[in-house]
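Welcome! Try each task on your own before reading its solution.

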Amino acid sequence: MTLFSGAAAEFWMRWVHYIFGILWIGHLYYFNFSQMAFMGEADAATKSVVLQKLSPRTMFWFRWGAMFTFLSGWGMIGHKMGAAGSTIATSAWGTIILSGGILGTLMFLNVWLLIWPNNKIMIENAIKTAKGEAAIPGVADLAARASVASRTNTLFSIPMLFFMGAASHLPLVLSPEKSLVPYWCTYAIIVGLLQLNAMKGKMGPMQKLGGVIHFGVLLSLALYFAMEFLAG
Ligand code: HEM
């Protein structure tokens with residue numbers, strides 16, 4: 001029974017990874033493709049019901065989807081390193097999967113440290129105001145910050161999935177003579193600036209859904225070309 005042997009440990013993690021990845025990114029796309037525009041048009045009473053009754057449910061599956069995708073993803077990397085040694089990190093597979101895994105990890109941190117804490121206060125605020133109590137001060141700023149982080153995660157999801165798929169299915173060869181330092185510096189600058197914007201900045205071109213999708217494709221190609229030209 002191959003499925004229940006030690007050889008299948010990574011396969012189990014992979015299966016878990018797919019299911020929770022769909023759960024997480026499915027909710028992320030629902031928020032960004034449908035709910036944000038709906039909330040922009042809805043009246044105050046409808047918004048309050050969505051926040052009080054729908055958000056606690058969507059936020060539950062969203063954040064725990066993120067948690068188990070993250071754990072199973074790093075579990076697979078740990079398992080591969082255990083079997084093949086740490087040199088795997090500098091291989092083509094390692095460079096590609098780390099490029100995707102770091103984006104996924106930033107997305108996970110954005111969920112747990114920005115989007116969920118801010119949404120929790122928005123939910124509490126809707127419950128309080130529905131009871132006639134005073135609104136929590138600064139709640140509009142928290143909502144705006146959560147939206148920028150959520151849009152950034154939608155942006156990051158496009159190159160993140162590019163790299164997840166490319167690791168085993170794009171026959172990219174890296175040159176053993178070239179150092180990976182220029183690639184990782186370029187990656188750190190581009191991704192670092194976008195992450196900083198998620199924490200402190202504004203939506204910019206991510207305001208519109210079309211903008212975030214185009215920008216995501218552009219970011220995927222920019223990171224791919226950086227890898228191909230600087231390390232390939
Ligand atoms: C949070 C950080 C993440 C890490 C560290 C990570 C890590 C990994 C690893 C190690 C693999 C195996 C790749 C291979 O065997 O070639 C993988 C595959 C995959 N990951 Fe992730 N992942 C993360 C997030 C995500 C997310 C959010 C999704 C969204 C759905 C996702 C979707 C996938 C898919 C579809 C594959 C399959 C690729 C294949 O079968 O070749 N991952 N991931």
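Predicted model: local features only at pLDDT ≥ 70, side-chain atom pairs only at ≥ 80, totals over all residues.

**Exercise 1: the iron site**

Residues are numbered from 1 along each chain as its sequence is written, and side-chain values use heavy atoms, leaving out hydrogens and water.

*Task.* Which protein donors does the iron atom of the ligand have, and what is the arrangement around it?

*Solution.* 
- Step 1. Look for donors, meaning N, O and S atoms within 2.8 Å of the metal (3.2 Å for Na, K and Ca); water is not among the atoms, so sites may look incomplete.
- Step 2. The protein supplies H17 (NE2) and M164 (SD), 2.0 to 2.3 Å from the iron atom.
- Step 3. H17 sits in helix α1 and M164 in helix α4, 147 residues apart. Helices here are DSSP runs (H or I, at least four residues), numbered from the N terminus.
- Step 4. H17 is buried, at 14% relative accessible area.
- Step 5. The arrangement is octahedral because the 6 donor atoms subtend angles of 83 to 179°. For six donors, the label asks that opposite donors be over 155 degrees apart and all others between 65 and 115.

**Exercise 2: following α3**

*Task.* What span does α3 reach, and where is its kink centred?

*Solution.* 
- Step 1. α3 has 39 residues and reaches 55 Å from first to last C-alpha, close to the 57 Å expected at 1.5 Å a residue. That expectation is 1.5 Å times one less than the number of residues.
- Step 2. The kink, of about 40°, is centred on V111; a bend is the angle between axes fitted to the seven residues ending at a residue and the seven starting there.
- Step 3. After α3 comes G132, with a positive phi near 90°.

**Exercise 3: the surroundings of L106**

*Task.* Is L106 buried or exposed, and which residues does it contact beyond four places in sequence?

*Solution.* 
- Step 1. Find L106 in helix α3.
- Step 2. L106 is buried, with a relative accessible area of 19%.
- Step 3. Its contacts (heavy atoms within 4.5 Å) are F156, V191 and Q195, leaving aside neighbours within four places.
- Step 4. L106 and V191 are 85 residues apart in sequence, yet 9.4 Å apart in space, C-alpha to C-alpha.

Conventions: Tetrahedral: all angles 85-135°; square planar, octahedral: opposite > 155°, others 65-115°. Helix = DSSP H or I, 4+ residues; strand = E, 2+ residues; numbered from the N terminus. Buried < 20%, exposed > 50% of the residue type's maximum accessible area, 1.4 Å probe, protein only.
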